[in-house]
Amino acid sequence: MPEALPLSTLNRLSPQQFAAHFAGVLEHSPHYAAQVAAARPYRDAESVAQAFAHAVQASAPEEQLALIRAHPDLAGKAALAGELTPESTREQAGAGLDRLSPEEYAEFQALNAAYHARFALPYVVCVREHTKASIFEGARRRLGHTPEEERAAALHEIGRIARLRVLDLVAPEPPHPQGAAMTVKVKLGENNYGKADVRLFKVFRDGPRHDIKDVQVRVAVTGDFEAAHTGGDNTGLVATDTMRNTVYALARDGLTESVEAFGKHLIRHFVTQGPRVERARVTFTQHTWARMPSGGQPHDHAFVRQMPKHTAWVEGDGQGFTVESGIEELYILKTTESGWAGFHRDAYTTLPDTHDRILATVVSARWTYAAPECDYDAVWQAVYTALLDTFPDHFSPSMQRTLYRIGEAVLTRCPEIERIHFSFPNRHHILYPLERYGLDNPGTIFHADAEPYGVIEGWVERA
């Protein structure tokens with residue numbers, strides 16, 4: 001193994017010297033090191049590791065497959081014959097794979113055979129991050145993969161292996177000589193960490209008529225995390241992988257009503273179970289589904305996804321909570337009963353007055369609550385219904401007027417809501433000039449213009 005060198009030195013090496021230094025990062029594949037050498041300089045060792053990962057992900061599928069197959073079996077024939085690369089020899093020895101009992105050796109041979117039979121690939125895992133027990137647990141899980149999923153899993157593990165090998169090859173920078181620029185003093189500011197894009201789908205099977213919840217969840221916790229940032233001490237930190245598992249586990253019995261109520265349930269758990277967690281925030285994006293009509297009746301267990309999404313944001317310390325709910329991606333339009341006239345004009349104004357136009361927007365709305373507890377799902381449905389009832393019920397001289405009118409309707413119908421915010425991007429539908437083709441256009445053919453577009457936003461609050 002080459003001697004570790006500071007990155008300042010590595011950045012000054014010739015491309016050939018740099019590639020030779022990192023030639024063993026990816027198993028029997030030194031050509032990737034040459035690609036990484038060409039992208040210098042790098043600011044830190046993690047950047048070098050990321051460059052190797054990007055080089056692999058950008059390579060052709062057949063190259064990726066060859067890279068996976070270049071890895072040896074765990075405790076396989078190459079290991080017994082002493083034919084492993086120096087890097088693989090150290091890694092397998094570090095996991096104790098060179099000191100197996102006859103029973104353990106037989107178990108590894110069965111594992112390798114199962115992988116070759118199912119995928120025609122070796123079982124690739126970053127053994128430095130595992131024990132013998134977790135290696136087998138991961139193999140049992142991954143044997144259930146499709147070939148495409150397993151190739152992706154193997155490439156992910158190769159990235160983990162490469163990262164650790166890169167870190168072995170990069171030494172800390174030497175101290176600055178006296179009089180050189182010193183590191184600036186800093187302190188840790190606001191920070192959080194968590195798990196994003198947890199895809200949760202629950203089926204309620206209490207009877208022949210099923211219900212479903214289809215939610216993307218994001219968890220973020222705040223607390224006493226300074227030691228992890230400033231000293232690399234992870235004591236008491238909850239792994240984000242654990243957060244993901246917790247969402248699924250608690251959903252079994254805890255997701256019974258609204259996602260807002262489930263958010264409070266999750267926060268109580270994270271604050272009480274996380275030694276260093278003081279507060280938590282859970283964000284939800286819930287896809288809405290309607291029952292599929294079949295034979296003129298709503299079906300008991302067949303559904304069709306709808307356009308609007310139910311969003312929610314819950315934050316708290318396990319005792320008190322702040323809740324905000326919302327609607328996203330609701331595309332609404334009316335073909336008449338809207339205008340835009342009497343506005344200010346200056347030297348750059350070209351838009352004519354109109355008293356009959358298409359009014360279209362993609363609604364984003366969010367609201368806060370006046371009460372600490374309520375039926376959040378019922379309130380969301382009431383807001384949605386008020387919005388659909390009010391948008392078409394009046395002549396709209398401006399999107400601003402419509403925003404205010406909808407907000408007024410929501411606050412009238414929903415005493416649980418304190419205030420509501422709307423964002424209305426104006427999706428312009430412009431009359432297309434057919435005159436150039438000798439045709440008239442009696443308000444029937446439009447160009448749906450994507451951008452640029454106006455945006456009208458505002459809160460409507462109780463006075």
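Over the ring of which residue does the charged end of R427 sit? The charged end of R427 sits over the ring of Y453, 4.5 Å from its centre. A charge is said to sit over a ring if NZ of Lys or CZ of Arg is within 6 Å of the ring centre and within 35 degrees of the ring normal. R419 likewise lies over the face of W459, at 3.6 Å from the ring centre.

The model is predicted, with local features needing pLDDT of at least 70 and side-chain atom pairs counting only at pLDDT 80 or more, while totals for chains, interfaces and linings use all residues. Residues are numbered from 1 along each chain as its sequence is written, and side-chain values use heavy atoms, with hydrogens and water left out.

We turn next to pairs of rings. Rings of Phe, Tyr and Trp (its six-membered ring) pair if their centres lie within 6.5 Å; planes under 30 degrees apart count as stacked, over 60 as edge-to-face and the rest as tilted. The structure holds 12 aromatic pairs. In one of them, the ring centres of F22 and F52 are 6.1 Å apart and the planes stand at 55 degrees, so this pair is tilted. The pair links distant parts of the chain, 30 residues apart: F22 belongs to the loop between helix 2 (15-21) and helix 3 (31-37), and F52 to helix 4 (residues 45-58). Helices (H or I, at least four residues) and strands (E, at least two) are DSSP runs, numbered from the N terminus. F22 is buried, with a relative accessible area of 0%, and F52 counts as buried at 1%. Here buried means under 20% relative accessible area, exposed over 50%, and partly exposed in between (1.4 Å probe, protein chains only). Ring pairs link F18, F22, Y42 and F52 into a cluster.

Helix 4 also holds S47, which is buried with a relative accessible area of 8%. The side chain of S47 makes a polar contact with the side chain of D44 at 2.7 Å. A polar contact is a pair of N or O atoms within 3.5 Å; within protein, one must be able to donate a hydrogen and the other to accept it, and residues adjacent in sequence count only if both atoms are side-chain atoms.

Helix 9 shows how a helix can have two sides. Its buried residues are I135, F136, G138, A139 and R142. They cover an arc of only 160 degrees around the axis, which puts them on the same side of helix 9; the arc is that of the directions from the helix axis to the C-beta atoms. An α-helix has 3.6 residues a turn, so residues three or four places apart point the same way. The face of helix 9 turned away from its buried side carries the exposed residues A133, R140 and R141. The cover over the buried residues of helix 9 includes helix 8 and helix 10 (147-169).

The strands come next. Two strands pair if DSSP finds at least two bridges between them. Strand 4 (residues 211-223) and strand 5 (residues 277-294) run antiparallel and are joined by 10 bridges; G223 has V277 in strand 5 as its bridge partner. Strand 5 also pairs with strand 6 (residues 297-316) in the antiparallel sense, over 13 bridges, and A280 stands opposite G316 in strand 6. Strand 5 and strand 6 form a hairpin with 2 residues between them, and G295 in the turn has a positive phi of about 65 degrees.

Strand 8 (residues 359-369) is mostly covered, with 9 of its 11 residues buried. Strand 7 (residues 321-334) runs antiparallel to strand 8, with 9 bridges joining them, and G326 stands opposite R366 in strand 8. Strand 8 also pairs with strand 9 (residues 417-425) in the antiparallel sense over 6 bridges, where A365 stands opposite F422 in strand 9.

Two further buried residues complete the tour. W380 is found in helix 14 and counts as buried at 6% relative accessibility. Leaving aside residues up to four places away in sequence, W380 touches T288, P308, K309, H310, G326, I327 and W367, where contact means heavy atoms within 4.5 Å. S398 is found in the loop between helix 14 (376-390) and helix 15 (399-413), and is buried with a relative accessible area of 11%.
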